[in-house]
Amino acid sequence: MAVRLWLLTLAVIALLAVDKDVPVSAEKLVFSRMPICEHMAESPACSKTFNPVCGTNGVTYDSECQLCLARMKTKQDIQITKDGKC
């Protein structure tokens with residue numbers, strides 16, 4: 001019974017989330033996370049460590065810190081879609 005209720009709930013959520021004018025595709029499902037930028041307020045400088053991240057703007061940054069600098073500079077809400085290159 002609990003499984004049926006859970007499946008029904010998921011079906012209702014899916015139906016409510018579907019925009020009838022926009023075709024559904026896997027490419028539209030982008031999950032992102034906020035970068036940790038709090039330390040940037042004290043000293044906005046990044047180390048030379050190369051640890052690339054892909055931003056929600058489609059740009060690959062050398063590190064999460066570099067993405068934080070771009071957020072500060074552009075005043076855009078750039079988040080991380082994945083670790084590694086875009």
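In this predicted model, Cys37 and Cys68 are joined by a disulfide, with an S to S distance of 2.0 Å. The torsion about the S-S bond is -85 degrees, and the link of Cys37 and Cys68 is left-handed. Cys37 sits in the loop between helix H1 (2–17) and S1, while Cys68 belongs to helix H2, so the bond ties together parts that are 31 residues apart in sequence. Cys37 and Cys68 are both buried.

Another joins Cys46 to Cys65, with an S to S distance of 1.9 Å. This pair links distant parts of the chain, 19 residues apart, with Cys46 in the loop between H1 and S1 and Cys65 in helix H2. The torsion about the S-S bond of Cys46 and Cys65 is about -85 degrees, so this disulfide is left-handed. Cys46 has 22% relative accessibility and counts as partly exposed, whereas Cys65, at 13% relative accessibility, counts as buried.

The disulfide of Cys54 and Cys86 has an S to S distance of 2.1 Å. Here the angle about the S-S bond is 110 degrees, and the link of Cys54 and Cys86 is right-handed. Cys54 lies in strand S1 and Cys86 in the segment after S3, a pair that links distant parts of the chain, 32 residues apart. Cys54 is buried, with a relative accessible area of 7%, but Cys86 counts as partly exposed at 45% relative accessibility. When the bonded cysteines of the protein are numbered in sequence order, the pairing reads 1-5, 2-4, 3-6.

Lys75 follows H2 and has a positive phi, near 60 degrees.

For the fold as a whole, the protein has 2 helices and 3 strands, and from the N terminus on its elements run α-β-β-α-β. Of the contacts in the protein with a separation of 6 or more, 58% are between residues 24 or more positions apart. Buried residues make up 21% of the 86 residues. The protein exposes about 7,000 Å², of which carbon and sulfur atoms supply 62%.

Technical notes:
Residues numbered from 1 in each chain as written. Predicted model: local features only at pLDDT ≥ 70, side-chain atom pairs only at ≥ 80, totals over all residues. Heavy atoms only, no water. Helix = DSSP H or I, 4+ residues; strand = E, 2+ residues; numbered from the N terminus. Buried < 20%, exposed > 50% of the residue type's maximum accessible area, 1.4 Å probe, protein only. Contact = heavy atoms within 4.5 Å. Areas by Shrake-Rupley, 256 points an atom, 1.4 Å probe, with all protein chains shown as cover. Disulfide = S-S within 2.5 Å.
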